[in-house]
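Grab the structure viewer and a pencil.

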Amino acid sequence: MKFARQIPNALSIFRLVGSFSLLAITQIPDRAVMRAAFTLTYLIVGGTDALDGWIARKWHFESEFGAKIDNIADTCVFVTGFVSLLFLLRLYPSLPSIAVLSLGAALKVFSFALTKVRFGEWNTMHTYTNKALGVVMFSAVPVCVWMGEINFWAVVAVTACIALTVAEDTYILLTSETYNVNHKGLLFEKRAK
């Protein structure tokens, strides 16, 4: 059973390492093959995010290390996906999109910084709104790959989702006395006092 407890962490580490394969896939010269390989790899690598969390909760394998490696792996998938779009596939956003994306990034940095100031760690809660944001951001990358562009309205939708999650995170962080990385969110769980 000791080995089984490490399955969620192993999936997160697989996601962390596998995210870098996305960068190599963008170098496939045939665009159709590249898009298909990128999307399939992206879905497999990213799909482990839902699977590792489900296994950890189902069999009570949650751990502080697991929560941290999960956040690191999620960030790597997002960053490698974003780098793939911008630098390797040359899908550049318009100036208005850059402004909106910058706002979204600033909001997330604020949330990380508030967690550090209030509770002494860089982390993100696993609320349902943060999970929904993850799905939206995760889905945006292959959509952009297939569309061949970074659509302004998609950027606005993602940033609106970021603003919603940061507002909820801020309220929870400012009103809670203890930090609970697995907080479900304001509508789903009583705040830890």
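**Exercise 1. Work out which partners arginine 15 pairs with in salt bridges, and which parts of the chain get tied together.**

Step 1: Start with aspartate 49. Arginine 15 makes a salt bridge with aspartate 49, and their closest N and O atoms sit 3.5 Å apart. (A salt bridge here is a side-chain nitrogen of Lys or Arg within 4 Å of a carboxyl oxygen of Asp or Glu.) Arginine 15 is in helix H1 (residues 7-18) and aspartate 49 is in helix H3, so this pair ties together parts 34 residues apart in sequence. (Helices are DSSP runs of H or I with at least four residues, strands are runs of E with at least two, and both are numbered from the N terminus.)

A quick word on the ground rules: this is a predicted model, where local features need pLDDT of at least 70 and side-chain atom pairs count only at pLDDT 80 or more, while totals for chains, interfaces and linings use all residues. Residues are numbered from 1 along each chain as its sequence is written, and side-chain values use heavy atoms, leaving out hydrogens and water.

Step 2: Move on to aspartate 70. For aspartate 70 and arginine 15, the closest N and O atoms of the salt bridge are 2.6 Å apart. Aspartate 70 belongs to helix H4 and arginine 15 to helix H1, so to speak two distant parts of the chain, 55 residues apart, linked by this pair.

Step 3: Since aspartate 74 lies in helix H4 and arginine 15 in helix H1, the pair ties together parts 59 residues apart in sequence.

Step 4: Arg15, Asp49, Asp52, Asp70 and Asp74 form a linked network of salt bridges. The search of the whole structure turns up six salt bridges. As a general point, side chains of opposite charge can pair when their charged atoms come close.

**Exercise 2. Sort the members of these pairs: is each one buried, partly exposed or exposed?**

Step 1: Buried means under 20% relative accessible area, exposed means over 50%, and partly exposed is in between (1.4 Å probe, protein chains only).

Step 2: Apply them.
- Arginine 15 has 1%, so it is buried.
- Aspartate 70 has 9%, so it is buried.
- Aspartate 49 has 29%, so it is partly exposed.
- Aspartate 74 has 25%, so it is partly exposed.

**Exercise 3. Check the span of helix H6, then find what covers its buried residues.**

Step 1: Do the length check. The expected span of a helix is 1.5 Å times one less than its number of residues.

Step 2: List the buried residues. In H6 they are Asn130, Leu133, Met137, Val141, Pro142, Cys144 and Val145.

Step 3: Look for the cover. It includes helix H3 (31-58), helix H4 (64-88), helix H5 (95-119) and H7. (Contact means heavy atoms within 4.5 Å.)

Step 4: Zoom in on a glycine. Glycine 134 lies in helix H6, and at 35% relative accessibility it counts as partly exposed. Its C-alpha atom is 9.5 Å from that of isoleucine 162, 28 residues away along the chain.

Step 5: Step off the end. Just after H6, glycine 148 takes a positive phi of about 80°.

**Exercise 4. Find where histidine 60 and arginine 90, two non-glycine residues with positive phi, are placed.**

Step 1: Histidine 60 has a phi of about 55° and sits in the loop between H3 and H4. At 59% relative accessibility, it is exposed.

Step 2: Arginine 90 also has a phi of about 55°, and its place is the loop between H4 and H5. With a relative accessible area of 55%, it is exposed.

**Exercise 5. Count the disulfides and explain the result for cysteine 76.**

Step 1: Use the rule that a disulfide is a pair of cysteine sulfur atoms within 2.5 Å. The count is zero.

Step 2: Check cysteine 76. Its closest cysteine sulfur, in cysteine 144, is 20 Å away, so that is too far for a bond.
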